[in-house]
Amino acid sequence: MTSSEIPVITTVSGLRQYRKSCYASNQKVGFIPTMGFLHDGHLSLIKKSLEQNDVTVVSIFVNPSQFAPTEDLDSYPRNIDRDVALLSSITNSKDKKVSCVFAPTVSEMYPSGIPLDVKLQKGAFVTVTGVSEQLEGSSRPSFFRGVATVVNKLFNVVQPDVAYFGQKDIQQSVVIKRMVADLLMGIEIVVGDIVRAESGLALSSRNAYLSSDSRDKAATIYKSLLLAQEAYVSDKEYNVEKLTDIVKKKLDTFPGFFDVDYISFNDVDTLAYLTNVDPKKGCILSLAVSVPNDVTFPKNGTTRLIDNVVFKPVQN
C-alpha cells in the first residue's frame, strides 16, 4: 500500500467491493488502464475522465501476457509511488480527483499462472481475429492476445461505463472496440489524441530508455509522417508506395539510426492493408522502428517505438 489520499486497491475482491458503492449511488465510472510509469499522455486521458464521469479508476499493471520471452518485461519502467503521487496531484476545474488506483498482483490477474512462453500458458484467453494479425500483431504474434485478455479481465473487475485509450496505440484501440462490440460489453470506448513532446516525439513510458540524443533523432518519426500527410492533402498523392518513400526518405536523414519494422497504410475500420488511399475515406498511416537505447538500458540495445497519423477524408 502506498501512502496517498487516493485508495490503492490490490485485490479483485477489494475493487469489486469498491465498485458496489458506485452502483449504490448510481455513479458513472470512467476507467483508464495503464502499465504505469505515467506521463502526460496518460494524464490527458485521466483528465478527460474526470470531466465526464462521477468516478475515475486508474489501473497500474504491467501485463506479462503481452510480452514475448525476448522482450522487456523485467526492465519495463515501474515506480508505483511516483505514479500514485502524480495521480494525487491531479484535479479538474470542479476539484474532482482520481477515485482509486487498482494495482493488482500478477497472481490476482492470472490465477492459473502466466509463463511468457505461449505454448506453456493455461487458462482462458481472448483472441480478437481480423484486426489483431496486422501491424503489431504481425511482428509480435501473441501481443494482442495478451492485451485483449488483460483488458477483458480489467473490464470484468472494474465494470466501467467508459474506458479511455490513447491513439498512439491505435491498433490496440481498434482491437478493444471490436472486442467490446462483439462480446456485447456495453462499454463506451474513448480514444484520446496522441500527446507529444515539444519535438513531436510521441510520449511513451519506453522513452525512458532513450538518451537525449536518441530522443532528438527519434523526433524525425513524426516529421516523416507529417510529410506523407502533407503530400496526401496538398499534392493529392494517394499511392501508398510513393507515400511510403516519402517517409523512408525523411527517416534516412539519420542513416542507420532507424531500424524500420513496418511503414503501413491501413483501412481505418478493418485495418486492411492498402495500396492506394481512398480520399473519401482516408486511412491510418503507422510505423514501428527500433532506435538505440541509452547505455544504462542494455536490453537488446534498442527500443521499439510506434507512431501514427490518421489521414482524414479530403475533397477531390
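**A chat about the model**

Modeller: Let's begin with one residue. Not counting residues up to four places away in sequence, Thr 244 touches Ile 263 and Phe 265. Keep in mind that this is a predicted model.

Biologist: Where is Thr 244 found?

Modeller: Thr 244 sits in helix α10.

Biologist: Is Thr 244 buried or exposed?

Modeller: Thr 244 counts as buried, because its relative accessibility is 11% and buried means under 20%.

Biologist: Back to α10. How do the axes of α9 and α10 cross?

Modeller: Helix α9 covers residues 220-234, and helix α10 covers residues 240-251. Their axes come within 8 Å. They cross at roughly 150°. Angles over 145 degrees count as roughly antiparallel, so α9 and α10 are roughly antiparallel to each other.

Biologist: Is that crossing left-handed or right-handed?

Modeller: α9 passes α10 in a right-handed crossing.

Biologist: Which residues meet there?

Modeller: From α9, they include Thr 220, Ile 221, Leu 227 and Tyr 232. In α10, the partners include Leu 243, Ile 246 and Lys 250. By class, the contact of α9 with α10 has nine nonpolar, two polar and two charged residues.

Biologist: What about α6 and α7, how do their axes cross?

Modeller: Helix α6 is residues 143-158 and helix α7 is residues 170-182. The axes come within 10 Å and cross at roughly 55°. α6 and α7 are therefore oblique to each other. Their crossing is right-handed.

Biologist: Which residues make the contact?

Modeller: On α6, they include Phe 144, Val 147, Val 151 and Phe 155. On α7, they include Gln 171, Val 175, Ile 176 and Met 179. The contact of α6 with α7 has nine nonpolar, three polar and no charged residues.

Biologist: New topic, loops. Where does Asn 276 lie?

Modeller: Asn 276 lies in the loop between β7 (259-266) and β8 (283-292). Its relative accessible area is 44%, so Asn 276 is partly exposed.

Biologist: What is Asn 276 in contact with?

Modeller: Leaving aside neighbours within four places in sequence, Asn 276 is in contact with Tyr 238, Asn 239 and Val 240.

Biologist: And how far apart are Asn 276 and Leu 15?

Modeller: In space, Asn 276 and Leu 15 are 48 Å apart, C-alpha to C-alpha. In sequence, they are 261 residues apart.

Biologist: What is the phi of Phe 37?

Modeller: Phi of Phe 37 is near 50°, a positive value in a residue other than glycine. Phe 37 is in the loop between β2 and α2 (40-52). With a relative accessible area of 22%, Phe 37 is partly exposed.

Biologist: Now zoom out. How many helices and strands does the chain have?

Modeller: The chain has 10 helices and nine strands. Buried residues make up 51% of its 316 residues.

Biologist: What radius of gyration would a compact globule have with 316 residues?

Modeller: It would be near 20 Å, and the chain has 20 Å, which agrees. Along its principal axes, the C-alpha trace spans about 55 × 45 × 45 Å.

Technical notes:
Residues numbered from 1 in each chain as written. Predicted model: local features only at pLDDT ≥ 70, side-chain atom pairs only at ≥ 80, totals over all residues. Heavy atoms only, no water. Axes fitted to C-alpha atoms, helices over the stretch in contact; angles between N-to-C directions. Helix = DSSP H or I, 4+ residues; strand = E, 2+ residues; numbered from the N terminus. Parallel < 35°, antiparallel > 145°, perpendicular 65-115°, else oblique. Left-handed = near helix turned anticlockwise from the far one by under 90°. Contact = heavy atoms within 4.5 Å. Nonpolar A, V, L, I, M, F, W, Y, C, P; charged D, E, K, R; others polar. Rg over C-alpha atoms; globule rule 2.2 N^0.38 Å. Buried < 20%, exposed > 50% of the residue type's maximum accessible area, 1.4 Å probe, protein only.
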